[in-house]
Amino acid sequence: MKRKDTVKLISADEMEFIIDKDAAMVSQTIGGFAEMELGEVTFPEISAVILEKICQYFYWALQYSRGKETEFHIEPELTLELMMAPNYLHT
């Protein structure tokens, strides 16, 4: 996979997640960040644990949009923080 086909998402605690650009574009907001041109976006308000789950969701949503219907499991202890993240990411 070429670097231009990926994007690096960086959490508040400086963990880096490199994901396919197609998966990242599930979020309407990420494509609007100027940093997207550089191939990386920093989320100063989202922890690594939550950003990891968000990345998993991006891949799940991409698969779902292509007709693969599976369940997306969310751990109960992450529910509140995950409910706040979509407001920020418009997913």
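1. Aromatic pairs. The whole structure holds 4 aromatic pairs (rings of Phe, Tyr and Trp, its six-membered ring, with centres within 6.5 Å; planes under 30 degrees apart are stacked, over 60 edge-to-face, the rest tilted). This is a predicted model: local features need pLDDT of at least 70, side-chain atom pairs count only at pLDDT 80 or more, and totals for chains, interfaces and linings use all residues. Residues are numbered from 1 along each chain as its sequence is written, and side-chain values use heavy atoms, with hydrogens and water left out.

2. Tyrosine 57 and phenylalanine 72. This pair is edge-to-face, at 5.6 Å centre to centre and 75 degrees between the planes. Tyrosine 57 lies in helix α2 and phenylalanine 72 in the loop between α2 and α3 (79-89), so the pair ties together parts 15 residues apart in sequence. Helices here are DSSP runs (H or I, at least four residues), numbered from the N terminus.

3. Tryptophan 60 and tyrosine 64. Their ring centres are 5.2 Å apart and their planes at 20 degrees, so this pair is stacked. The two residues are 4 apart in α2, about one helical turn. Tyr57, Trp60, Tyr64 and Phe72 form one aromatic cluster.

4. A charge over the ring. The charged end of lysine 53 sits over the ring of phenylalanine 72, 5.1 Å from its centre (NZ of Lys or CZ of Arg within 6 Å of the ring centre and within 35 degrees of the ring normal).

5. Tyrosine 57 is partly exposed at 26%, as is phenylalanine 72 at 23% (relative accessible area: buried under 20%, exposed over 50%, partly exposed in between; 1.4 Å probe, protein chains only). Buried residues of α2 include Lys53, Ile54 and Phe58.
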